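Subject: Structure handover

Dear colleague,

I am passing this structure on to you, with the sequence alongside.

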Amino acid sequence: MSGHSKWANIKRKKEKTDGQRAKIFTKIGREITVAAREGGPDPNNNSRLATLIAKAKANNVPNDNIERLLKKAGEGKEDYEEITYEGYGPSGVALIVETLTDNRNRTAGDLRHYFDKCGGNLGQTGSVSFLFERRGMIYIENEDNRIDEEKVMDDCFEVGATDFNYEDGMITITTEPNDVPKVAAALQEKGYTYDSAEAEYIPMTKSKIDDEALLQKMEKLLDLLEENDDVQNVYHNWDMPEEPDED
């Protein structure tokens, strides 16, 4: 499997959101609300919901919060709509932004403002998605490479993974997009804990940014998108510069 910037993004989000837990809870809470409303509040009968609950726990969302969200979903007060936006950022970097919103006009206006402010432009559906491939991606943090490579590889293929990559500090598992909940649940039963398990847009080509001013604009655009409560996921084909390891 070719390299992907998602793990870099996971580390980036961890660094930037340690002090913003409320915002993380809000985003995951919306996903849980939608999943529970669409497939029922019982995670034993709703694989998407089970995966999101595991994601919530991985992000330290308290169990009380999760129970409250499941109860709230049954009351049906909020009505969220899933909308995906596409556009180009600085230096022609392609972006796909997945949102959950109760006001599409507000969300579209916010995103258009962010793109314009940072030297990009919001495009039409299909304007950049052809540059990406949809795959199921599961990430297992592997600090000090403590997980045995051969065992986890055998376990992954046994439960239906299509590809596997063992890197320093991270195990990346690829599945068919619709198989993510099933494979993630099977890995949990085998005792693995994952950082992220979602169907993602994987860039087929990468774009570099050599100009320092444009690089800063790209960072600003990602920050603005991640800080917006309506934005759930941001995918891009920016070939992000490696950050130096801290000793």
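Overall

Please bear in mind that this is a predicted model. The protein has eight helices and eight strands. It has 247 residues, of which 47% count as buried. If you take the contacts between residues at least 6 apart in sequence, 71% of them join residues at least 24 apart.

The four-stranded sheet

An open sheet is formed by four strands in the order β3-β1-β2-β8, with antiparallel pairing. Its edge strands are β3 (121-123) and β8, each of which pairs on one side only. From one strand to the next, the twist averages 30 degrees. Within the sheet, β1 and β2 pair in the antiparallel sense over eight bridges. Tyr-85 stands opposite Val-97 of β2.

The nonpolar cores

Val-97 also comes up in the largest nonpolar core, which has 22 residues. Together with Leu-95, Leu-111, Leu-225 and Trp-238, Val-97 belongs to those with the most contacts inside this core. Two or more residues each come from β1 (81-88), β2 (94-101), α5 (104-117), α8 (212-227) and β8 (231-236). The element that gives the most is α8, with six residues. Another core lies apart from this one and has 19 residues, among them Ile-171, Val-183, Ala-184 and Ala-197.

The β5-β6 hairpin

Strands β5 (residues 163-167) and β6 (residues 169-175) pair in the antiparallel sense over five bridges. The two are joined by a hairpin through one residue. Tyr-166 stands opposite Ile-171, which is in β6; Ile-171 is also one of the residues of the 19-residue core.

Glu-167

Glu-167 is in strand β5. Is its side of the picture buried, exposed or partly exposed? Glu-167 is partly exposed, because its relative accessible area is 35%, which falls between the 20% limit for buried and the 50% limit for exposed. Not counting residues up to four places away in sequence, Glu-167 touches Asn-145 and Thr-172. Glu-149 is 18 residues from Glu-167 along the chain, and the C-alpha atoms of the two are separated by 9.6 Å.

Asn-228

Asn-228 is found in the loop between α8 and β8, and both of these elements give residues to the 22-residue core. Why does Asn-228 count as buried? Its relative accessibility is 7%, so Asn-228 counts as buried, the cut-off being under 20%. A polar atom of the Asn-228 side chain lies 2.8 Å from the backbone nitrogen of Asp-230. Leaving out residues up to four places away in sequence, Asn-228 touches Lys-27, Asp-110 and Tyr-114.

To go through it on screen, you could start with the sheet order β3-β1-β2-β8, move on to α8 and its six core residues, and then follow the loop between α8 and β8 to Asn-228. The β5-β6 hairpin can then be viewed together with Glu-167 in β5.

Regards

Methods:
Residues numbered from 1 in each chain as written. Predicted model: local features only at pLDDT ≥ 70, side-chain atom pairs only at ≥ 80, totals over all residues. Heavy atoms only, no water. Core = buried A, V, L, I, M, F, W, Y, C linked by side-chain atoms within 4.5 Å. Buried < 20%, exposed > 50% of the residue type's maximum accessible area, 1.4 Å probe, protein only. Pairing = 2+ DSSP bridges. Contact = heavy atoms within 4.5 Å. Polar contact = N/O pair within 3.5 Å; in protein donor to acceptor, adjacent residues only side chain to side chain. Axes fitted to C-alpha atoms, helices over the stretch in contact; angles between N-to-C directions.
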